[in-house]
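Please keep the sequence and the structure in view while reading.

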Amino acid sequence: MRIETAPRAPSPLAHHFDDIQQQHEAGELGMWLFLCTEIMFFGGLFLAYTIYRTQDEAAFAAASHELDLFWGTVNTAVLLTSSLTMALAAHAAESFQRKQLLALLAATMVLGCVFIGIKGMEYHHKYIHGLMPLMGLPFEWHGASSGHAEMFFDLYFLMTGVHALHMLIGLGVLLALLVKANRGGLQGDFAAPVRITGLYWHFVDIVWVFLFPLLYLIGAR
Amino acid sequence: MPSPSTAGAVSNRTPKRDYLSAGYTVRSWLLTTDHKRIAILYLLSITLFFVIGGLAATVVRLDLMTPQADLVETETFNKLFTAHGVIMVFFFLIPSIPAVLGNFIVPLMLGARDLAFPRLNLLSWYVYVLGGLFTVYALLAGGVDTGWTFYAPYSSTYSNTYVMATAVGIFITGFSSILTGLNFIVTIHKMRAPGLTWFRLPLFIWSIYATSIIMVLGTPVLAISLFLVGMERLLGIGIFDPRLGGDPILFQHLFWFYSHPAVYIMILPSMGVVSEIIPCFCRKRPFGYSFIGFSSFAIAVFSFLVWGHHLFVSGQSIYAGMVFSILSYLVAIPSAVKVFNWTASLHKGSISFETPMLYALGFVGLFTMGGLTGLFVAALAVDVHVHDTYFIVAHFHYIMVGGAVMGYLGGIHFWWPKMTGRLYPEGWARFSAILIFVGFNLTFFPQYILGYLGMPRRYHVYPEEFQVLNVMSSAGASILGLGYFFPLTYLIWSLMYGKIASPNPWRAAGLEWQTTSPPPTDNFAETPVVVDEAYDYQHIDGVSPAGGAT
């Protein structure tokens, strides 16, 4: 096995595939299937949201008023822009523009971090105002039907929390890609991993596209 | 499908390295990405869990020999049946056929060199082991007493046992199941050998595909349910807690949305195994190939629409109950299609009763019993009477043990020569298969009667008039235990002293029999080309009447 002397770039084709196209198709199908599992996972949360919102829509609307619409909108814009940079990164990888790829991956990561930062700021805001009914913290609700309002904030923290966790995982994968691309280790097969990571990143974005109206906009201001 | 001329060439196996002799170090096993070695890793670990789960059941059955609570404390009893359920369901039955036989056989049947994602495959085993460690920790630290169903609010609020560690263990193990299913679907779509069209696939592949769909779509829902239980215990987010405005019934909905399909994760692969064994030992193509294939998908689809039949007495609306009842009846149709097709396959076949065939026939009988009593409990009114009694326990053991485990053991025996290159001792194996069949029926048939008479499940003490039936059940369990002990012994024995297996000892159809036993690391010397249907037994027997492809 160690007979080869000339150091050659490792072939991007894994031994068990017949050709590179088969390998790419397998990778993409795998990611799509994984996204199906993610839909089912988030589906449980959306189901719980639907059930408790239909029990008391007014309380959910009132609780929704307490969320910061401005920062929520900013975050939506930030995340959608990160999807754009991610798509451009995939394009750059396909056309072998390494510098552009590095810049775009970095931009995606920065936007992702900005999103997490703003989210953290919002969480802190809720904590100060007594709207974080977690771990026995006091829940100070002065309106009607405090129970359902509390459920709204429970769901708010659950859903955005799980979403943020997915963002963090995405950021980790992007970092790994960035390091690898920086070392030039993606020779010959730049595009596939970037494209597949992109699928995941866009999915996490789309989840937010559903979360934003369900959590921030139902107050019908 | 196999052509005898190539089979003659591969039987000369001395110069080739097979997957077992590719490396002998621990490292070469723990870092392997070879699907066959990963299957062996799974085989060892699920066998370990089977023994642990079996020991828990042994103590339960011993204790139930008398009406009083005399062998263990009542709390221990609760922990024992919980441990039995959790381990057998999540750590043995669900991974059993997919992760062991599926991992080993699927790429071989497809003529592929490996699964699509070999490293994910290895990761899935590590994930499984990690989840297992959490659960074993929970058991050693003091156990968990919620039953394997973790019903809230007991699990989320009241139980003082190691619910979190167990839930985390199951949550983690779920990912192993997801990765396995995902890997199979991609492999079946993208890596079939040239000429291997969908309708030339072995029926085992159809079953595994249907199973994988359930794994991929169902397991995440279990994950989110357990996640929410965990969040309730850790953060006080009361999704299921009535005091916090939550609804405990929602947990039951979410839990059974996974856990009912999970029953089909256990039974569908067994059906696939039986669909391989029966044609081989009656030397005939299966009757109604496409019906058997498509009924697997029908079962997978229906499986997601029947969860409400677990909630007939939980306060679910009566109209929902009626719909779920009808939908549950619908599952009987594809199941019966399979049973009738297997039976019809035997017609005018030249049947022989080797061990795998004994298990397969046992499967058909026991599965029919389990399935028919499933209709009893799917009927709204009858279910009110038998809900949470031993009737339910007997019903699902006929499916999960009489069905899934019989299929698993049949498959292990059928593919043992391929996996190890050795033949198991046929006499002992037949004896054990019969012992298991007898022991199984003696264990669980009395439980039908017990349940119908009104003995609730999970009870530690019971009225004296139930003792005779309970003693019968425990006696049967000891025979069953002996029946499981024999294969464990003689299969290990056969690794050293078993006869060397030829590439195709059963003269079976299927690409996996066209390579050496055990197969080389890359499975095939060159990628096979498929030109014919999957079960062309008349052709195999016609070309070489004696000796076949060996």
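Two residues count as in contact if their C-beta atoms, placed from the backbone, lie within 7 Å. The model described here is predicted.

## Where the chains meet

How many residues does the contact take from chain B and from chain A? Chain B gives 29 residues, and chain A gives 26 residues.

On the side of chain B that touches chain A, α7 (163–190), α8 (203–235) and α9 (248–281) of chain B each supply at least two residues. The largest share comes from α8(B), with nine residues. Sorted by class, this side of chain B holds 21 nonpolar, five polar and three charged residues.

## Two helices in chain A

Helix α1 (residues 20–55) and helix α5 (residues 146–183), both of chain A, have axes that come within 10 Å and cross at roughly 160°. Angles over 145 degrees count as roughly antiparallel, so α1(A) is roughly antiparallel to α5(A). The crossing of α1(A) and α5(A) is left-handed.

Residues of α1(A) at this contact include L45(A), A48(A), Y49(A) and Y52(A). They meet a group in α5(A), among them M151(A), L155(A), L158(A) and V162(A). By class, the contact of α1(A) with α5(A) has nine nonpolar residues, two polar ones and no charged ones.

An α-helix has 3.6 residues a turn, so residues three or four places apart point the same way.

## A helix in chain B

Helix α12 (residues 355–378) of chain B has 24 residues. From its first C-alpha to its last, α12(B) reaches 34 Å, close to the 34 Å expected at 1.5 Å a residue.

Is α12(B) largely enclosed or largely open? Of its 24 residues, 17 are buried, so α12(B) is largely enclosed by the rest of the structure.

Methods. Residues are numbered from 1 along each chain as its sequence is written. Chains are lettered from A and ligands numbered from 1 in the order in which they are written. This is a predicted model: local features need pLDDT of at least 70, side-chain atom pairs count only at pLDDT 80 or more; totals for chains, interfaces and linings use all residues. Axes are lines fitted to C-alpha atoms, for helices over the stretch in contact, and angles run from 0 to 180 degrees between N-to-C directions. Helices (H or I, at least four residues) and strands (E, at least two) are DSSP runs, numbered from the N terminus. Angles under 35 degrees count as roughly parallel, over 145 as roughly antiparallel, 65 to 115 as roughly perpendicular and the rest as oblique. A crossing is left-handed if the near helix is turned anticlockwise from the far one by less than a right angle, and right-handed if clockwise. Ala, Val, Leu, Ile, Met, Phe, Trp, Tyr, Cys and Pro count as nonpolar, Asp, Glu, Lys and Arg as charged, and the others, Gly among them, as polar. The expected span of a helix is 1.5 Å times one less than its number of residues. A residue is buried if 20 or more other C-beta atoms lie within 10 Å of its own, exposed if 12 or fewer, and partly exposed in between; C-beta atoms are placed from the backbone.
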